[in-house]
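Subject: Structure for your review

Dear colleague,

Please find below the structure that I am handing over to you. My findings follow directly after it, with attention to the overall fold and to the charged pairs.

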Amino acid sequence: MNIPFLGNRSKKHPVAVLAEDLEGIAELLSECELLRAHAARQGIGLDDTAASLEALDQLPPRWREDEETLPWFGHDAGLYLGTVVVRTVPGAVWVIWPGGEPAVRLVSGREVDVVTAGREWAATGTPELSQLYAEVAEN
């Protein structure tokens, strides 16, 4: 996801999201419209909790049947995973990498590529979103 309104980042300061921007960026990244619509059709409300990740893991992977939708669905799954982490793991924040991709930075300094994780989950089902969350929440 390239986020052009964030501007170009210099190589010296590759990630420079200002503190006052974090709330707006978090709101934008939490939309995940494709994933939320699919979950709602399946009777699952996404309430930005770890339990909702477990519910997503239980869905039949019908999205894999549509090759055009699959990457976008996975992207949304990654953004949703990141949203749950940022909202529930103390000190976790969104960061934007130099190429424009969002990631989550933990208080330890570790950065998690949630978008790639979401795409892998959507394509293969492993690792499960709830498992990824548990791993990240431990750190």
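A residue is called buried here when its relative accessible area is under 20%, exposed when that area is over 50%, and partly exposed in between. By that criterion, 40% of the 139 residues in the protein chain are buried. Please bear in mind that this is a predicted model.

As to the fold, the protein chain contains 6 helices and 3 strands. Their order along the sequence is α-α-α-α-β-β-β-α-α. Of the contacts in the protein chain with a separation of 6 or more, 62% are made by residues 24 or more positions apart. The accessible surface of the protein chain amounts to about 7,600 Å², and carbon and sulfur atoms account for 52% of this area.

I turn now to the charged pairs. Side chains of opposite charge can pair when their charged atoms come close. The cut-off applied is a distance within 4 Å between a side-chain nitrogen of Lys or Arg and a carboxyl oxygen of Asp or Glu.

D48 is buried, because its relative accessible area is 13%, while R36, at 23%, counts as partly exposed.

Another salt bridge is formed by the side chains of R105 and E111, with an N to O distance of 2.6 Å. R105 is partly exposed at 30% relative accessibility, and E111 is partly exposed with a relative accessible area of 30%.

A further pair consists of R110 and E135, whose side chains meet at 3.1 Å, N to O. Here R110 lies in the loop between β2 (102–105) and β3 (111–112), and E135 lies in helix α6 (residues 129–138); the pair therefore ties together parts that are 25 residues apart in sequence. R110 has a relative accessible area of 30% and is partly exposed; E135, at 40%, is partly exposed as well.

Finally, salt bridges with shared partners link E27, R36, D48 and R87 into one network.

Yours sincerely

Key: Residues numbered from 1 in each chain as written. Predicted model: local features only at pLDDT ≥ 70, side-chain atom pairs only at ≥ 80, totals over all residues. Heavy atoms only, no water. Helix = DSSP H or I, 4+ residues; strand = E, 2+ residues; numbered from the N terminus. Buried < 20%, exposed > 50% of the residue type's maximum accessible area, 1.4 Å probe, protein only. Contact = heavy atoms within 4.5 Å. Areas by Shrake-Rupley, 256 points an atom, 1.4 Å probe, with all protein chains shown as cover.
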